[in-house]
Amino acid sequence: MSKMRGSATRKRNILASGKKNGGHPDIVSSPKKKRFSSASDVKSVGTPPSKTASVPPKPNKVTPNSKHNRTTDKKDGARRALEMSASLTSSTPTKPSPLASSVMESDPIKGAFGKLASEAIHIQSNTRSVYKIVNKQTGSVGGNGSFGAIYGELTVGSMQKMVNLMKKYTEFSASSRFIDVGSGLGKPSLHVAQDPGVEFSYGIEMERVRWMLGMSNLNEVLKAAYGQQYAGEQLHEEGMIKHRCMFDHGNVMEAESFNPFTHVYMFSIGFPPKLWKRLSTMFNRSESPYLICYQAPRIIIERYGFLVELVKQAPTSMHGSSEGHMGYLYRRKGYDSCNATLDKQEVACDSLFEKAWNLASGSLEGVQGYVNTQVQEQYFCGRRTRSSGIVMCAESVEEDTDSEEEN
Ligand SMILES: C[S@@+](CC[C@H](N)C(=O)[O-])C[C@H]1O[C@@H](n2cnc3c(N)ncnc32)[C@H](O)[C@@H]1O
């Protein structure tokens, strides 16, 4: 998954891939309508590799949270490595720009940052379950849990607030396709995979340790989804954990465009100019109608030339700090949702995102099988110790300098 492929934009043939009923190959219904259609080079995409179709056994006593094996120590090393690389995202808070009140979304509660906001905003029970799993896996604060440094992410309440605004102003729905540029530990992608339960939730992360932790989070979320499904739990729709999510290890700059994503999201604090220039070029040549980020119009439109207009802005707060950042919702200039093509069954897909889309379009078993294999291969050797622990691959823990080999 980490291997980068060619960058030509290709057309994805939904019918050829057996994708029906919103991408669920298991359910047959009338073809799903798409928001936009696409380029020339038609390529049919198949189902995920058969080796991913089976559900791997749950790793016995080797969950990354177990207190009784060495996994925890190894993971702590990975977390410490995260701290060391946290400088990339250091930033100064964005001042609210003095824009007209028509674009400023007012808070329902005065000063509704952090705890207050998350109390006031409704968060679906499947989303809550996902955060609970992620917090157990990788810590509740800023990705590094009790180990200190944050790397920049929103509180769950602020993320929900952005999701609600996206629903209200940017047609964000179960038929959307979402990319988190620089997905870190994966919270935004995991969040929107539940609410509104997008068709494809994707994240790409260039830092290997962060990507691994994101995959580990996804793995545990998928196990919980699988558990729900096969325990025959009678849950309300909002309680069911959904699985249409995938993370890649790679540099987003290797893509030519943001196709097939309808919503391009980035917690963009600290992105360097070179990256911004590339993101602007990619966005402008895409068909993606919406951009959601944390930079004001003077940066996005005037400095980097994104062909967008501001739709809405709202204050958000960050985990583990008192910092607040203004979130901005932009729409592609000239985009008219009323005239958007709704009856196309094909959408353009950059080749960088194609494999992940195929995987996420498959069954829960297929996605879980793939993610679990990746986690086992990349994160651990799978070699059991006498204490039933697992020893991480030497190659996988190049950052984990403190750890000793057991056995
Ligand atoms: C501030 S963090 C945001 C994490 C996550 N999106 C969130 O909101 O919780 C930004 C992430 O972008 C990643 N990043 C920066 N440049 C990137 C690139 N060119 N391709 C992929 N990831 C990148 C960084 O490694 C970092 O983990």
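**Exercise 1.** Find which residues Leu 291 touches, not counting residues up to four places away in sequence.

*Solution.* Start with the cut-off: two residues are in contact if their C-beta atoms, placed from the backbone, lie within 7 Å. On that test Leu 291 touches Val 264, Phe 283, Phe 306, Val 308 and Tyr 330. A quick word on the model: it's a predicted one, where local features need pLDDT of at least 70, side-chain atom pairs count only at pLDDT 80 or more, and totals for chains, interfaces and linings use all residues. Residues are numbered from 1 along each chain as its sequence is written.

**Exercise 2.** Check the span of helix H6 (residues 208–231).

*Solution.* Helices are DSSP runs (H or I, at least four residues), and strands are too (E, at least two), numbered from the N terminus. The expected span is 1.5 Å times one less than the number of residues. With 24 residues, H6 reaches 34 Å from first C-alpha to last, close to the 34 Å expected. Next comes Gly 232, with a positive phi near 65 degrees.

**Exercise 3.** Is Ala 348 buried or exposed?

*Solution.* First, locate Ala 348 in strand S10 (residues 346–350). Then count: Ala 348 is buried because it has 21 C-beta neighbours inside 10 Å. Finally, Asn 259 lies 89 residues away in sequence but 5.6 Å away in space from Ala 348, C-alpha to C-alpha.

Note on methods
Buried ≥ 20, exposed ≤ 12 C-beta atoms within 10 Å, placed from the backbone.
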